[in-house]
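Dear colleague,

Please find below the structure that I am handing over to you. My notes on it follow directly after it.

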Amino acid sequence: MRLVHGNSFSKEAMARKHSRPEATQQCLLVPLHEQCWECGKRLWVASSAVRTVTTLDRLCQLTLKIRRCQNPSCGWYHRSYRPEEEGHWALPHGEFGLDVIALIGALRYTHHRSVPEIHRELLARSVLISERTVTNLLARYEELVTLHLTDQARLRQRLLPQGFVILALDGLQPDVGHEVLWVLRDCPSGEVLLARSLLSASEADLAALLREVQASLPVPIRGVVTDGQHSIRNAVQTVLPDIPHQLCHFHYLREAAKPVYEADRHAKKELKKQLRGIRPIERGLEKRTDTEAQAIRGYCLAVRSALTDDGRPPLSASGLKLQERMTALLASLTSVVEKRGRLPRELERLQSMLTKGLMATRSLWSDVQTGYHWVYRAAHILSNDEKLKGAQVRQRYEELLDSMADVSTSSEALATMLTTFRKVTASYWPGLFHPKRRRMPLPFQAWGGMRRSFVGGLGGIRRRHSLICSCIVDSQMKTMV
Ligand SMILES: [Zn+2]
């Protein structure tokens, strides 16, 4: 049976007696590329696909935006570009995450457990799975680590018409201390090129994997998509020095902005505590159907939907977003008071709740705001909409870092945010601005789509959320290294 593609994961083999429970999490994945790899023209979002993946710690419904080239003279006309991150989650057609497969493989081959034992272990971790599926996934694991690359004829057939490979490298470690399952795959075709389980993940180990893949490919590598881990970055730098290394800006910024994100999350938590009173107000309205009650319900709903709208690092600022929405609600209530003189009792309660909550958390927000201000400026330079040369981008970034260093602040939190940002930047620096590139590298293009999301300051939130989501997928997968 083929490992990936085709319909190797036949419905029959994966049959379940019970329907799957509701997904516990939704995630939107969008392709990082907005330009066609072949002709360079803009790619349009042509369709969406939905798939649900069971990972070790969640049941996630993935919504995938699929782009297509609309240029009839292009070799990629009407071919689908699926989000690069899709392969992080699961094999094509697979219902279980790669992390589950990695764990099954580790339990079998490192800990010598039997299939029933592995099954029990997974159930104990609340992974709903049948014993037969464990057997099937174990077979997937075995195929993963043995078959690929040896099947040259198949690789040629899949990759020659495509003409190039966008290489992604993912490391999956089910538990600390376990071996890491390294998966190297091609993004456009979804083909797994090589998978290897390694106890250590030194730069030399990873470089060897990259060399092995490179040597066996019938087509050139046009881009690399990886995590920001040092050993990976160095290995790519060594083996594929001239190949644009995508995604590292996302990972870089996520790491650099971590204290900002943490501060935002903390402030959000504090504000949420103050808004618990929303539930009794809603309950008091349950039996009423009059127009006033409907209006009050509208306000309550606005609070509630803001409370559940979570973002992901680095640019999502979900706390600030909550604070802004609550401030806007308060302003709206105030204007009602001005017009009508008086609010209904319930809205008076809401008004005082919002006022109290915003006052109580006021001191927390200013650091978060300043922190994000810097992060957005950094992201804006990296997005390079002005299409500057690499050296000019680098210079602008250096200027930004200099002015960041000049900030004098009495706030310890803000100082930590800025120091961390500069420290992480220094460690990523060699890979951030590529000296030999003539064209704008892929990472900058990837940022292009993102710019729209924060160019309007903290306003155009929804769009940002969806754009950020795709690059943060792996941060949601705890198993990722
Ligand atoms: Zn095209």
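The crossing of helices α6 and α7 is right-handed, a term used when the near helix is turned clockwise from the far one by less than a right angle, with anticlockwise giving left-handed. Please note that this is a predicted model, in which local features need pLDDT of at least 70, side-chain atom pairs count only at pLDDT 80 or more, and totals for chains, interfaces and linings use all residues. Residues are numbered from 1 along each chain as its sequence is written.

To continue with this pair, the axes of α6 (residues 203–216) and α7 (residues 230–239) come within 8 Å and cross at roughly 45°. That angle makes α6 oblique to α7; angles under 35 degrees count as roughly parallel, over 145 as roughly antiparallel, 65 to 115 as roughly perpendicular and the rest as oblique. Axes are lines fitted to C-alpha atoms, for helices over the stretch in contact, and angles run from 0 to 180 degrees between N-to-C directions. Residues of α6 including Leu-206, Ala-207 and Leu-210 meet residues of α7, among them Ile-232, Ala-235 and Val-236. Two residues are in contact if their C-beta atoms, placed from the backbone, lie within 7 Å.

The protein chain as a whole has 18 helices and 9 strands. These are DSSP runs, numbered from the N terminus (helices: H or I, at least four residues; strands: E, at least two). Of the 481 residues, 40% are buried, meaning that 20 or more other C-beta atoms lie within 10 Å of the residue's own (12 or fewer: exposed; in between: partly exposed).

Helix α2 (residues 98–109) is mostly covered, with 10 of its 12 residues buried. Leu-98, Asp-99 and Val-100 are among them.

His-93 is in the loop between α1 and α2 and is partly exposed, with 16 other C-beta atoms within 10 Å. Ser-126 lies in the loop between α3 and α4 and is exposed, with 10 such atoms within 10 Å.

Finally, a word on confidence. The mean pLDDT (the predictor's confidence in each residue, from 0 to 100) of the protein chain is 78, and 80% of its residues reach 70 or more. Over residues 435–481 the pLDDT is below 50, and over residues 1–14 the pLDDT stays under 50.

Yours sincerely

Definitions and conventions:
Expected span 1.5 Å × (residues − 1).
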